[in-house]
Amino acid sequence: MADLVGIVLVSHSEQLAHGLRELVLQVATPDVAVEVAGGTDDGSLGTSYDRISAAIDRADRGGGVVVLTDLGSAVLTTRTVLEDRGDEHPPVLVDAPFVEGAVAAAVLAGTGADLDTVVAAATEARDAHKF
Amino acid sequence: MPTSSEVPVVLPAHLHARPAGALVRAAAGFASTVEVVHGEKSANARGVLGLMGLGALAGDTVIVRATGDDAEEAAKSVAEVLRTAE
């Protein structure tokens, strides 16, 4: 099997990011790399350029990386990180609901699906109904 | 020659997050397209959110429908995951 796609969760809240990671790993296989970048460098509410970049490094196992964000500046900071990094195979920032997108992406990543398929699954979460 | 196979399952537990995740993993091992049908709704077994959105509860009957070269094995395996879900 090819290398699994990794997932990065970017949140203003360290607790929210860790809580979502815990939930995601219950639904997906634990061998998917789900890495968090929550809060600022000192752990207060906000986003951290350095934490996001480090989480991308940890999540990258060779199969590509999908990044999900919670709100507003999480998107802006992530975009800046991605531009500055200039990766040869850039991580993909997905426009999707944080919880649903992360669960959908991680479950498919756990099946060995490729980056495009995992991105599509996360994006489809925008149209998913809870009931 | 693609074939189609349907297996009904009476759910022992609600089709919630963890069983839905297990179902996606089981279905991914087959080439066939797998769907789960619950009443008038159906969901592709690649999408964990769609499966949860079926609203299938313990005691409900769902139909696992597979289409493809390995349809019979796919439907059987996925049905087994549902049958043993907690």
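Okay, let's start where the two chains meet: 13 residues of chain B are in contact with 18 residues of chain A, contact being C-beta atoms, placed from the backbone, within 7 Å. On chain B's side of that, helix H1 (17-28) and helix H2 (48-52) each supply at least two residues. H1(B) gives the most, with six residues. By class, the side of chain B touching chain A has five nonpolar, five polar and three charged residues. Here Ala, Val, Leu, Ile, Met, Phe, Trp, Tyr, Cys and Pro count as nonpolar, Asp, Glu, Lys and Arg as charged, and the others, Gly among them, as polar.

Quick housekeeping: this is a predicted model, where local features need pLDDT of at least 70 and side-chain atom pairs pLDDT 80 or more, while totals for chains, interfaces and linings use all residues. Residues are numbered from 1 along each chain as its sequence is written, with chains lettered from A and ligands numbered from 1 in the order written.

Now chain A. It has an open sheet of four strands, ordered E2-E1-E3-E4, with parallel pairing. Strands and helices are DSSP runs, numbered from the N terminus (strands E, at least two residues; helices H or I, at least four), and pairing takes at least two DSSP bridges. E2 (34-38) and E4 (92-93) are the edge strands of chain A. Five bridges join E1 (residues 6-11) to E3 (residues 65-69) in chain A, and Gly6(A) stands opposite Val65(A).

What packs on the sheet, touching E1, E2 and E3 of chain A? That's helix H2 (residues 49-59) of chain A, whose direction makes about 175 degrees with that of E2(A). Angles run from 0 to 180 degrees between N-to-C directions, with axes fitted to C-alpha atoms, for helices over the stretch in contact.
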